[in-house]
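Subject: Structure for you to look at

Hello,

Here is the structure I said I would pass on. Please open it and keep it beside this email while you read.

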Amino acid sequence: MDLLSSIMNAMDKPPRVNDREKKAQKDQQAAYEKIKLAEKKHLSDFRAKIEGMVNDFVKDVTKPKIVFETMDKVHRAVVHDVAEIAGLPAFSLGTEGLDRHIQIYKKETVPSEKILEEARRTGVTDLDEAQQIIEERETEEKQQRELDLKKGPETEPTKNYKEKYEHLIGKESALDAAKKTVTNKQYGFVPAENKKDQRSIEQTLADMRERKRQKLSHGDLSTASKSVEPDEG
């Protein structure tokens with residue numbers, strides 16, 4: 001016996017599956033196949049139903065569209081496939097898991113991309129409602145434009161003084177005119193700064209009181225000198 005054979009014989013062999021486990025596995029596989037067959041038949045019947053609806057829709061000249069009920073992705077895929085084979089435009093609208101459904105149109109009644117975009121943007125599922133929203137918005141915008149035309153264009157104030165008058169008086173003169181004016185520092189021969197009263201309020205009041213006191217004192221001295229003049233008679 002070679003080395004490999006001895007190693008293989010020494011290894012533990014997998015446990016044997018008893019008859020009960022074999023039967024359980026077989027039943028499970030059979031149930032799975034049964035479910036698959038049921039789903040396949042359901043989708044086949046569903047497809048046949050959709051094909052009948054689409055064929056009737058094509059023949060009915062008075063019907064502009066088909067609005068299907070809410071359905072999951074698998075069923076929507078079947079509807080899209082049937083519509084594509086029939087050469088009809090189909091659109092999924094609504095929110096997934098809530099009201100997502102399909103609408104099929106004829107080529108002559110297919111909505112514009114503008115309406116479809118509005119439906120997707122606003123979340124409405126009725127394309128007629130989406131078209132109404134567009135028309136109302138366009139009417140409001142038209143009314144606003146007419147109102148703006150009646151008001152006339154708004155005149156913007158001149159941002160730069162020198163640019164406003166540059167074409168009339170020249171660039172250099174405009175620059176001079178735009179300069180900020182300042183008070184003349186000197187009037188006549190005496191500087192204006194020297195004419196300003198630099199005293200504080202307290203000092204001004206004190207000077208006023210002193211001049212008044214001096215005036216009163218001079219008045220008393222004059223009266224006294226008159227009263228002591230010698231009598232010439």
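The buried residues of α5 are Leu127, Ala130 and Ile134, where buried means under 20% relative accessible area, exposed over 50% and partly exposed in between (1.4 Å probe, protein chains only). An α-helix has 3.6 residues a turn, so residues three or four places apart point the same way. The buried residues of α5 pack against β2 (90–93), β3 (101–105) and α4; contact means heavy atoms within 4.5 Å. Helices (H or I, at least four residues) and strands (E, at least two) are DSSP runs, numbered from the N terminus.

Two notes on the source. This is a predicted model, in which local features need pLDDT of at least 70 and side-chain atom pairs count only at pLDDT 80 or more, while totals for chains, interfaces and linings use all residues. Residues are numbered from 1 along each chain as its sequence is written, and side-chain values use heavy atoms, with hydrogens and water left out.

The chain has 9 helices and 5 strands. Of its 233 residues, 16% count as buried.

Back to α5. Its 25 residues should span 36 Å at 1.5 Å a residue, and the end C-alpha atoms are 36 Å apart, which agrees. The expected span is 1.5 Å times one less than the number of residues.

How do α4 and α5 pack? Helix α4 (residues 113–122) and helix α5 (residues 127–151) meet at an angle of about 95°, and their axes are 9 Å apart. That makes α4 roughly perpendicular to α5. Angles of 65 to 115 degrees count as roughly perpendicular, under 35 as roughly parallel, over 145 as roughly antiparallel and the rest as oblique. The axes are lines fitted to C-alpha atoms, for helices over the stretch in contact, and angles run from 0 to 180 degrees between N-to-C directions. Residues making the contact include Ile115 and Leu116 of α4, and Ile133 and Arg137 of α5.

His75 is in helix α3 (residues 73–86) and, at 17% relative accessibility, counts as buried. Leaving out residues up to four places away in sequence, His75 touches His42, Leu43 and Phe46.

Asp72 lies in the loop between β1 (65–67) and α3. With a relative accessible area of 39%, Asp72 is partly exposed. Asp72 and His101 are 29 residues apart in sequence, and 8.2 Å apart in space from C-alpha to C-alpha.

Regards
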